[in-house]
Amino acid sequence: TVLGRWNLSCREKSVLVDVVSMVKALETLLLRAEALLAPFIRLHVHLRIQQLVQRDLTPLLHRLDKRNKPILPSLLKLRSLAADWLNGVEPRKDYREYSRKQQGQAAVHPARVVGAADTQLFILRMQVCSLCDSSSELRKKSSVFVKADLERSDVQIFEQFYRDSFFFPYALAYKSTLRSVAYLGDLWYREFYLEMTKCIQFPIEMSLPWILTEHLVSSPSRVSNSPMLENLLFVLDIYNDAAQSALYVKNQQYLYDEIEAELNLVIDQLYFLLADEMYCHFKNLAASTLLEPACRNKLEALWRPADSPPQPLWVEASRIESLLAQRHVHLLGRSVNLALILAQHVADKLRRDVEFAVSRFESGDARGVIDLAALLAILRETHRRLAQHLQLLPFELLLAEVNESAQTQPGSRSVRGRIATHMLASLQQDVLPNFSYNAHTQRFTPSPIAIRPAAARKPPK
């Protein structure tokens, strides 16, 4: 885990994320299907046991009764232990009246959705194992001319049942078996001690779940990781497995506290990275949509390498929308509203970008209003696309807050905002004194002589 960041290539990390996601996704699907599959599992186990004790064991009992073998009472008790007789009445002479014509006929018994107890399965399997053992007396011939009590077909049936019945306890314990086979908490545990690192808490860079999470969100090759972005929550489920093991298997509270502290750091970092990735994606998508076709074609031609087809200006598809639909993410027993917290981070980024656009306009002259309109159009389109997945304030309200333009009445617009104030000041101090109006072209052009030079302003940071 310590060297996993440097020992694993990007491709190997992606494969590891795929494996974790498939295991967790399959576990989730099977747990959802428990109400459907568990009755059929119990029905099958009951059927196999009843067919063994009421059908497959009868020929052996018939031969042992004819030859007066002392093991007969033990097998009869075994049959009474596991058999579920029709109408609840045990037949006393069915094995004595058995004939080879009845071989292969299915036993008639009640169909019950009931699995056998662990004790019944253990005793039944041990008895079947002793019958099939090569040193069993039933497999030995008493003389050259006499067949063994246990025929070859019986041995095959009993051995097949013994192999299959090994999985019965695991199949009956459906949920616990799924939890154990899908447990991935060991991916969090590391071979280091805090004393060796000489720190209070392990840095999250040493944690394999965070290495995989960071690989999905902020990797330099995140374009290739975009289809895997929806597997992010499966990777975070490793912390749930590790915490479950720390509390209920290892019974160590300090381990759980360490897992919880690391997860808090991971969540904070994840919100920052996801918000930045999501905002950049939708902002690029909005800018690509508003770009004029003529300008797009010209840029594609300029960016084309020699002797190669033009490279289209398009935004890589992302599956981040599936993460934005998550309202209840269960981590360490608590429910996290991923979309709500991401909305707060995205709203802050939108506010900062609007503030930057207005400040940039204030640092220049009136000609910057064209750039301001283009920037605000991109941000408005970005807000519209984000609002389809997140709960955000209206863009006009956000713009009014940054522009410091208070509305006296609903639907009214104030002319006292930062944009209008700077525009009026630019017209008064720069455009009217230093520009001439050309009536033919209907535009203002700089005069040869500047009556009042415009004061230089610092650009925004």
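I looked up L36 and found it exposed, at 54% relative accessibility; exposed means over 50% relative accessible area, buried under 20%, partly exposed in between (1.4 Å probe, protein chains only). The model is predicted: local features need pLDDT of at least 70, side-chain atom pairs count only at pLDDT 80 or more, and totals for chains, interfaces and linings use all residues. Residues are numbered from 1 along each chain as its sequence is written, and side-chain values use heavy atoms, with hydrogens and water left out.

L36 sits in helix α3, residues 34-56. Helices are DSSP runs of H or I, at least four residues, numbered from the N terminus. I checked the span of α3: 23 residues at 1.5 Å a residue should give 33 Å, and the end C-alpha atoms are 31 Å apart, which agrees. The expected span is 1.5 Å times one less than the number of residues.

Next I listed the buried residues of α3, among them A38, V45, H46, I49 and L52. Their cover includes α4 (58-66), α5 (72-82), α6 (118-132), α7 (152-165) and α8 (168-172), with contact meaning heavy atoms within 4.5 Å.

Then the cysteines. I searched the whole structure and found zero disulfides; a disulfide is a pair of cysteine sulfur atoms within 2.5 Å. C132 is in no disulfide, and the nearest cysteine sulfur, that of C129, is 7.3 Å away. C132 counts as buried at 10% relative accessibility. C10 is partly exposed, with a relative accessible area of 38%.

Technical notes:
Helix = DSSP H or I, 4+ residues; strand = E, 2+ residues; numbered from the N terminus.
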